[in-house]
Each structure stands twice: as C-alpha cells, then as structure tokens.
Amino acid sequence: MTLIFLLSFIAILALILFLIKRRTNGPLNSNKKDLTGKLIIITGSSDGIGFEAAKDLLNSNAKVIFACRNKTKTEGKINELPEKLRKNAVFVQLDLQKFKSIENFVKEIKSNYPKIDILINNAGMSSTILNKTEDGYLNTFQVNYLSTVLLTLLLFDHFNENESKIINLSSILHKNSKLTYGDSKYLNNYDLMEKLYKEERNKTFDAYSDSKLLVLYFTQYLADYCEKKCPYLKVVCLHPGVILTKIFNMEKLFLKIVFSIIKPILYCFAKDVVHGAQTTLFLSYSDNKDLVSGGYYDNLKLEKCSLKGKDEKLRNELVNETLNILKSKYNELEKFPLLSN
C-alpha cells in the first residue's frame with residue numbers, strides 16, 4: 001500500500017512539474033516568412049538563445065553574422081549546422097569587453113556588406129566577480145549595456161533604408177533595478193561603481209538588473225530618435241524569459257554547489273533555450289508596421305514595463321551620461337542629441 005501511494009505521489013508530482021514546465025516555456029512563434037537577401041547580426045550567438053535564433057533565421061534563408069568573442073567555439077557550432085545552413089552563417093569576431101574589438105567589427109561589416117536588415121543585441125553576462133575591462137568599466141555594465149550602445153550607434157548609418165530593425169534583449173529583472181536620480185555619476189567611474197555593488201547592492205543581481213534597465217532606456221531613446229529621423233528603422237526590446245544558460249554560471253564554489261542542488265527544481269520554472277528564443281524570432285519576422293516603436297515584448301506580445309521603466313527623468317539623466325561618455329571617445333556620435341531634463 002505504501003509503495004502504491006509513493007508511486008502515485010511521484011506520478012502526480014511529475015505531471016504537475018510537466019504542466020508547470022509547459023506553461024513556463026510559453027508559446028512558439030508561428031510568424032515566419034522567407035528572409036532571402038536579409039542580413040542579420042546576432043551578438044552572443046555561439047550558444048543559448050542566440051544560437052537557437054540564428055538556426056531558425058538561417059532556415060528562413062537569411063544570412064546571419066555570428067558576432068561572438070570565441071572564434072574556435074563559434075566556428076565549431078557553425079560546422080555542426082546542416083550544409084544548407086552553413087553557407088549563410090558567417091563568424092565575425094566581436095568582444096564586447098573591448099571597444100577596439102567593436103571598432104574592428106564595425107569596419108569589417110561596413111567593408112563587406114552594403115546594408116544591415118536586423119541587429120539583435122543578444123549578448124549578455126552576469127558575474128559574481130567584479131572586473132574592470134581594459135576600457136575602464138565594470139564588466140557587466142560594459143558588456144550588457146555600454147558596448148551594446150556603442151555597437152548600435154556605430155552601425156547606425158548602415159541599416160537598410162527600406163525597412164530594418166534593432167532588437168535589444170532586456171529582462172523582466174529591469175523591474176528590480178535600484179538605479180535612481182544622481183546615479184549617472186557611477187557610469188563613468190569604475191571605482192565608484194565597484195564600491196556601490198560591493199558595499200550597498202548585490203554585485204551579481206543588482207548589477208545585472210541595472211544594466212537591463214539601461215538597455216530598456218536606450219531602446220526608448222533610440223526609438224524616439226528613429227521615429228523623427230529615420231522611420232524605416234524600428235527599435236524594440238524584449239524579455240526572453242528565465243533561462244538556465246551560461247549566464248547563470250557561478251564563479252564561486254559555494255554558489256556552484258548551491259546552484260547545482262536547486263537546478264533540477266529551477267528547470268521546471270525556467271524556459272528551455274528554444275522557447276527562450278521565440279520572442280526574438282517573433283520580432284525578427286514581424287513587419288515594422290506591426291511593432292510598437294520602443295516597445296517591451298514578452299511571450300510574443302507587447303507588455304508594460306515597470307513604473308521605473310517609464311521614468312523619463314531618470315532615463316534622460318542616464319542616457320545623457322551614456323552619450324556623453326561615448327561622444328568623448330567617438331566624434332561620429334555627435335549627431336545623437338541629448339535629452340531634455
């Protein structure tokens with residue numbers, strides 16, 4: 001009797017977890033079309049949701065630039081693809097921890113391709129260790145945000161003037177950001193930012209959440225600019241879902257052990273990488289006329305961002321400081337105006 005009860009309990013629990021997983025994964029994108037002749041750049045596409053998105057877009061005949069740091073790893077993943085997909089898959093090295101790498105990447109794209117149809121700023125990181133990049137910024141801040149802005153703005157004059165789009169990966173965790181008025185002083189000062197996350201905030205999750213709020217703000221800024229100056233270019237952002245990709249890799253042994261223990265449980269409440277790529281794909285295949293400029297998307301539909309995500313005063317302060325940082329290094333960015341506070 002006890003064995004029957006135990007087996008029944010296990011069966012019911014398995015069914016519940018299966019249903020939870022199915023609901024968590026969310027819908028699959030059915031909005032597809034032939035992308036022959038389209039050039040799509042995807043940062044961080046050597047694995048995870050970036051790689052899944054790349055495979056789907058290649059299957060629709062797009063040419064996809066795998067903009068990644070590790071040449072050996074990325075070319076290995078490309079070589080795993082069917083031959084019919086490999087012919088349209090191109091690796092171009094891009095290390096978002098180095099401005100110089102971004103400059104070289106932009107030069108190569110502009111030299112070899114007449115236009116860009118879609119830029120997917122997919123790459124991101126989360127780290128329990130605070131490191132300074134060679135450009136002097138916090139690694140999470142530079143990879144997730146500052147380099148994304150720089151890459152996008154340096155490529156800005158190379159988009160297809162018939163119809164093109166920029167898709168930025170934000171996160172629902174932008175709602176947890178603790179950024180507030182006056183925090184622009186941290187953006188250009190590694191020592192202040194390091195002290196902030198070591199002494200006042202969680203250096204892993206707050207740094208990540210703050211960077212994703214900044215991505216949302218940049219999306220709003222650039223969408224407004226495009227509506228006035230180049231309506232052929234649509235700019236949107238999205239939450240891909242909670243996905244157990246390498247972004248959850250923990251450097252510290254204690255955290256690795258804890259995460260390993262709870263990972264089977266978390267799996268049921270997280271999307272797999274295929275489902276995590278679906279909103280990116282939905283936005284990639286959608287016609288610009290069907291998208292809301294500056295919109296925040298989740299599970300294939302437009303969603304409301306947090307109240308903080310709608311704070312124009314805070315957005316203007318932080319975006320303006322971002323533009324000031326980059327304009328001091330790149331004269332060609334002077335055309336992007338500051339916002340009125």
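Predicted model: local features only at pLDDT ≥ 70, side-chain atom pairs only at ≥ 80, totals over all residues.

Student: Where is the place of H158 in the chain?

Tutor: H158 sits in the loop between α6 and β5.

Student: And is H158 buried or exposed?

Tutor: H158 has a relative accessible area of 13%. Buried means under 20%, so H158 counts as buried.

Student: Which backbone oxygen lies 2.4 Å from a polar atom of its side chain, the one of H158?

Tutor: That's the backbone oxygen of Y113. Y113 is also among the residues that H158 touches.

Student: OK, zooming out. How many helices and strands are there in the protein?

Tutor: The count is twelve helices and eight strands. The protein has 341 residues, and 53% of them count as buried. If you take the contacts with a separation of 6 or more, 77% are between residues 24 or more positions apart.

Student: What do the eight strands form?

Tutor: An open sheet with mixed pairing, and the order is β3-β2-β1-β4-β5-β6-β7-β8.

Student: Which strands stand at the edges?

Tutor: β3 (89-93) and β8 (301-303) do. Each has a single partner strand, so one side of each has no neighbour in the sheet. From one strand to the next, the twist averages 25°.

Student: Let's go further in. In which sense do β1 and β2 pair?

Tutor: Parallel: β1 (residues 39-43) and β2 (residues 63-68) are paired over five bridges. For one of the partners, look at T43, whose bridge partner in β2 is A67.

Student: How many bridges join β1 to β4?

Tutor: Three, and those two strands run parallel. You can find I41 opposite L119 in β4.

Student: What about β4 and β5, how do they pair?

Tutor: In the parallel sense too, over four bridges. There, I118 stands opposite K165 in β5.

Student: Which way do the residues of β4 point?

Tutor: I118 and I120 point one way from β4 (residues 118-121), while L119 and N121 point the other way. All of them are buried.

Student: Switching to helices. Which strands does α3 lie across?

Tutor: Helix α3 (residues 71-79) lies across β2 and β3, and it runs at about 175° to β3. Another one to look at is helix α8 (residues 205-229), which lies across β5 (164-169), β6 (233-239) and β7 (296-298). Its angle to β6 is about 160°.

Student: And at what angle do α5 and α6 pack?

Tutor: About 35°, with the axes of α5 (residues 99-112) and α6 (residues 139-154) 10 Å apart. The crossing of α5 and α6 is right-handed.

Student: Which residues make that contact of α5 and α6?

Tutor: From α5 you have F99, I102, F105, V106 and K110. From α6 you have Q142, L146, S147, L150, L151 and L154. These contact residues divide into eight nonpolar, two polar and one charged.

Student: New topic: glycine. Where is the place of G50?

Tutor: G50 is in helix α2. Its relative accessibility is 1%, so G50 counts as buried.

Student: What does G50 touch?

Tutor: I42, G44, S45 and N122, again not counting residues up to four places away in sequence. Also try V273: G50 and V273 are 223 residues apart in sequence, but their C-alpha atoms are 8.6 Å apart in space.

Terms used
Residues numbered from 1 in each chain as written. Heavy atoms only, no water. Axes fitted to C-alpha atoms, helices over the stretch in contact; angles between N-to-C directions. Left-handed = near helix turned anticlockwise from the far one by under 90°. Contact = heavy atoms within 4.5 Å. Nonpolar A, V, L, I, M, F, W, Y, C, P; charged D, E, K, R; others polar. Pairing = 2+ DSSP bridges. Buried < 20%, exposed > 50% of the residue type's maximum accessible area, 1.4 Å probe, protein only. Polar contact = N/O pair within 3.5 Å; in protein donor to acceptor, adjacent residues only side chain to side chain.
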